[in-house]
Amino acid sequence: MSVESISIALHHSRATGAAKLVLIGIANHDGDGGAWPSVATLAKYAGVTVRNVQKAVERLEQLHEIRRFVQAGGDHRTAEHERPNRYQFLLTCPPDCDRTSRHRTRTHAPVELSLDPLSVATPGVGSDTRPPVGSDTQTTHVTTPQVTKKERRASNRARGACGHELIDDRHCERGCPVARVEGAPA
């Protein structure tokens, strides 16, 4: 296990989402001979499917943060057909890193937010919606307003044609003279 590799992955990786969790898992196993956690172990660490781990490893290779050697892991006791992939952790501190436990850099580049195609919600190959390599994606955050009990009760009350809550048969809460809407609760 390499605490330094984990710290570098946390502070300097450009990966996001599941890819970053997979990178941290690989960094957790990093040693002198590389790292060879199984894909199932990385899936467990990241909380994603085996297929999403495979996609994350591809993304990490594109970012040049790891290098994968197919079936090169294990040791002399591991049978050839049972050897896991070996990963070389390539990520290092940038030249302007202060190399402390916080890994501060002199140039704080803004964090680029993008939609991560390697999210837990990605069910598998059939529904892949990964944008082409090199294309820019935009992040949009949709928030749904939280409705309080008071607001829910108010929405169940009778409303006039103006949309306001009715106080009596002829006036709404804002004093509008309104006719009742057909089908509205009394």
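Buried means under 20% relative accessible area, exposed over 50%, and partly exposed in between, with a 1.4 Å probe and protein chains only. This is a predicted model, in which local features need pLDDT of at least 70 and side-chain atom pairs count only at pLDDT 80 or more, while totals for chains, interfaces and linings use all residues. Residues are numbered from 1 along each chain as its sequence is written, and side-chain values use heavy atoms, with hydrogens and water left out.

**Figure 1. Overview of the chain.** Of its 186 residues, 31% count as buried. The chain has five helices and two strands, where helices (H or I, at least four residues) and strands (E, at least two) are DSSP runs numbered from the N terminus. Along the sequence the pattern reads α-α-α-α-β-β-α. The accessible surface is about 12700 Å², and carbon and sulfur atoms hold 53% of that surface; the areas come from the Shrake-Rupley method with a 1.4 Å probe, and for residues only the protein chains shown count as cover.

**Figure 2. The largest nonpolar core.** A nonpolar core is a set of buried Ala, Val, Leu, Ile, Met, Phe, Trp, Tyr and Cys residues joined through side-chain atoms within 4.5 Å. The largest one has 27 residues, and those with the most contacts inside it are Val22, Leu23, Ile26, Val53, Leu60, Ile66 and Phe89. Two or more residues each come from α1 (3-12), α2 (17-28), α3 (39-46), α4 (50-62) and β2 (86-89). The largest share, seven residues, belongs to α2.

**Figure 3. Packing of α2 against α4.** The two helix axes lie 9 Å apart at an angle of about 85°; axes are lines fitted to C-alpha atoms, for helices over the stretch in contact, and angles run from 0 to 180 degrees between N-to-C directions. Helix α2 is therefore roughly perpendicular to α4 (65 to 115 degrees). Ala18, Ala19, Val22 and Leu23 of α2 meet Val53, Ala56, Val57, Arg59 and Leu60 of α4, contact meaning heavy atoms within 4.5 Å.

**Figure 4. Surroundings of Phe89.** Leaving aside neighbours within four places in sequence, Phe89 is in contact with Ser5, Ile8, Ala9, Leu23, Ala27, Asp30 and Glu65.

**Figure 5. Surroundings of His12.** His12 lies in helix α1 and counts as buried because its relative accessibility is 14%. Not counting residues up to four places away in sequence, His12 touches Leu91, Thr92, Cys93, Pro94, Cys97, His103 and Thr105.

Notes:
Angles under 35 degrees count as roughly parallel, over 145 as roughly antiparallel, 65 to 115 as roughly perpendicular and the rest as oblique.
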